[in-house]
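Dear colleague,

I am handing over the structure below, and I would be glad if you kept it open while reading the notes that come after it.

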Amino acid sequence: MSCDEVKNELAFLLYDELSFEREDAVQRHLEACADCRWELEREKALHAALDRAEVAPAADLLARCRRDLRERLTKQARPSRLAQLWADLARAMAMPWLKPVGAVGLVAAGFFAAQFVQGPGLLRRGAEPLAVEPVASQVRYLQPDPSSGSVRIVLDETRQRVLTGSLDDAAIQSLLVSAVRESSDPGLRLVSMDILKNRAQSAEVRSALLQAVQTDPIAGVRLKAIEGLTSFAGDAETREVLAKVLLTDDNPGVRIQAIDLLTQHREARIAGVLQELLDRENNNYVRMRCQKALRDMNASVETF
Amino acid sequence: MDEAAWIRAAQDGDQDAFERLVRAYDQSVLRLAMNLLRSVEDAHDVYQEAFLRVHKNLHSFRFDCSFHTWLYRIVTNLCLDQLRRKKVRREESTVVETEDGPRDMLQVVAEERAEADPQRRLMSRQLGTRIAETLLTLTPRERMVFEMRHYQGMRLRTIGEVLGTTEEAAKNCLFRATQKMRHALGDFV
């Protein structure tokens, strides 16, 4: 190999991208050639300088990317009520006989909406400065009109409001329930759950807790939901859900808490559920708790 | 569960499985985008768009290549588009937007090297600036191949698969990139 050929291969030698034969030939040349060995040292210095030129993204950028992605996926998965309504309306309008009915409906909706809208309208001529409260807008639909040079824009608007009220206030409870059910932020769901956990006597709250314990992706939120259901350990619906959770939840902590609640009341059916769990359970501690619960119930630990 | 099982679960609509896939790869995706585009917002946008496309098209992934290759095809296409747009707009500079505000990209290099000797410190700073300038002279493909080989440690064969070309073509691209680097930085090393 000539020196020029070897110099052209030095980068690939450092990247470990030479074939066995080629690397062998380069190494043999390097052993015999001081100039090329010096070139190799320069190539190594160049690589080291380039190594230090790497820009590492900040940890909070990664966290922001993950949070935003999750929010966008959640939004995609759950079409807004408005979008659903629009889709239903569009389907209905596709039926020719419904067109006049739909047109009358839209006129009526516009008329009534105008009665309820207060304050300056977004597109009102000569309007005062737009809404004082922060508003997040998303363009939903555009219809340009080339003849007049104008464009019709349909916006989805999200307006922030601040509400303060007692935890016994039904409206406040209802908002907390929707945070438990719908928020994409696990921290918000957890805090809402913590506030609601002593109010499971409300059917709406209990229903949200039961939903969360079955479907929330974060184990901490599911544990908090079970905590909120403690005083309903004897309720048939709650026990039904907990039995299901016991056999399906992938988190051992959740399964243990479900065992604790279910075994507060002796019930033959629960012994069956525990035996079924014992058949499939891999976690030693959960197995131990399950066996103890069965022994306390005088039920057979063995399954046949 | 191995990766294939996570992919199948995500294809069946399991969001936890999808999130696990994202977390397995998203740091290197973000690092690639950040180094190539040198803008927090552009890197953020590429991250979002790449994983939204993965989510949308995962059902069509048929395991005829590795998931890593498939994902990187999406990411590199997005980055190449962005690099080409930047080239046209002539917006590139050595300044990187970071979470702490704008910083000259290879001031970072100079600062990290922080030599006690003022002359060496000056050399180090000049080297950093020269590297940043040289990276800008590479074509988008050369930068992409260089980035994937040097910083991501990917084999040339895989880079070829990701970019839809041969290992040999990827090797030629890397050769041109390293030649340009050596030529531009020869005085410093």
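Predicted model: local features only at pLDDT ≥ 70, side-chain atom pairs only at ≥ 80, totals over all residues.

Residues are numbered from 1 along each chain as its sequence is written, and chains are lettered from A in the order in which they are written.

The contact between the chains takes 26 residues from chain A and 40 from chain B, where two residues are in contact if their C-beta atoms, placed from the backbone, lie within 7 Å. On the side of chain B that touches chain A, α2(B) gives the most, with nine residues, and by class this side has 20 nonpolar, ten polar and ten charged residues. Here Ala, Val, Leu, Ile, Met, Phe, Trp, Tyr, Cys and Pro count as nonpolar, Asp, Glu, Lys and Arg as charged, and the others, Gly among them, as polar. Helices are DSSP runs (H or I, at least four residues), numbered from the N terminus.

Within chain A, the contact of α9(A) with α10(A) is made by A:L209, A:A212 and A:V213 of α9(A) and A:V221, A:R222, A:A225, A:I226 and A:G228 of α10(A), and by class it has six nonpolar, one polar and one charged residues.

In helix α12(A), residues 252–262, the buried residues (20 or more other C-beta atoms within 10 Å of their own, C-beta atoms being placed from the backbone) include A:V254, A:R255 and A:L262. What covers the buried residues of α12(A) includes α10, α11, α13 and α14 of chain A.

With best wishes

Methods:
Helix = DSSP H or I, 4+ residues; strand = E, 2+ residues; numbered from the N terminus. Buried ≥ 20, exposed ≤ 12 C-beta atoms within 10 Å, placed from the backbone.
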